[in-house]
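Reader: I am new to looking at protein models. Could you walk me through a few features, one step at a time?

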Amino acid sequence: YLKYQEYLEELKSHNVDQLKAMLRKNDQKIGGNKPELVARIADCKILGKIPRCPHCAGGKPQFDYKTSKYKCPGFQDDDVFKNCHKTFTMSELVREPWLD
């Protein structure tokens, strides 16, 4: 928890473009306001970045705090949206090290 708080404080000094660049480098979701971006990066620095969906290979699973599982929403493939909706437990989705 203390390390997470340290990262939050450190990341607040970056502007939105810098935060989005860090997320792009790690293939993470870049949408959201500055506090969301800061929290996402702090989480990934501690737990690792969230990989692409191992089931559909294109979606970016998102953590659902209500179910404590990751769920893949699917992805846009050219002009067709591919639905996935596969769910993963925290132990099934192996998070990779964050790249600084």
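Reader: How much space lies in the largest pocket?

Author: Happy to start there, and please keep in mind that this is a predicted model. About 510 Å³ of space lies in the largest pocket.

Reader: Which residues lie nearest the centre of the largest pocket?

Author: Arg40, Asp43, Ile50, Phe63 and Tyr65 lie nearest the centre, out of 19 residues that line the pocket.

Reader: Let me pick Ala39 next. Where is Ala39 placed?

Author: Ala39 is in helix α3, which covers residues 34–47. Setting aside neighbours within four places in sequence, look for its contacts: these are Tyr4 and Leu8. Gln5 is 34 residues from Ala39 along the chain, yet their C-alpha atoms are separated by 9.5 Å.

Reader: Now for backbone angles. What is the phi of Ala57?

Author: Phi of Ala57 is near 65°, a positive value in a residue other than glycine. Ala57 is in the loop between α3 and β1. With a relative accessible area of 58%, Ala57 is exposed.

Another case is His85, which has a positive phi of about 60° although it is not a glycine. His85 is in the loop between β4 (80–82) and β5 (87–88), and it is partly exposed at 43% relative accessible area.

Reader: My last topic is cysteines. How many disulfides does a search of the whole structure find?

Author: First, the general idea: a disulfide is a covalent bond between the sulfur atoms of two cysteines. Here, a search of the whole structure finds zero disulfides. Cys44 is in none, and the nearest cysteine sulfur, that of Cys72, is 16 Å away. Cys56 is in no disulfide either; its nearest cysteine sulfur, again that of Cys72, is 3.7 Å away. To count as a disulfide, the sulfur atoms have to be within 2.5 Å.

Reader: Is Cys44 buried or exposed?

Author: Cys44 is buried, with a relative accessible area of 1%. Cys56, at 23%, is partly exposed.

Methods
Residues numbered from 1 in each chain as written. Predicted model: local features only at pLDDT ≥ 70, side-chain atom pairs only at ≥ 80, totals over all residues. Heavy atoms only, no water. Helix = DSSP H or I, 4+ residues; strand = E, 2+ residues; numbered from the N terminus. Contact = heavy atoms within 4.5 Å. 1 Å grid on protein atoms, 1.4 Å probe; cavity = no way out; pocket = protein on both sides within 12 Å on 5 of 7 lines; lining within 4 Å. Points joined across faces, edges and corners; volume = space filled by probe spheres on them. Buried < 20%, exposed > 50% of the residue type's maximum accessible area, 1.4 Å probe, protein only.
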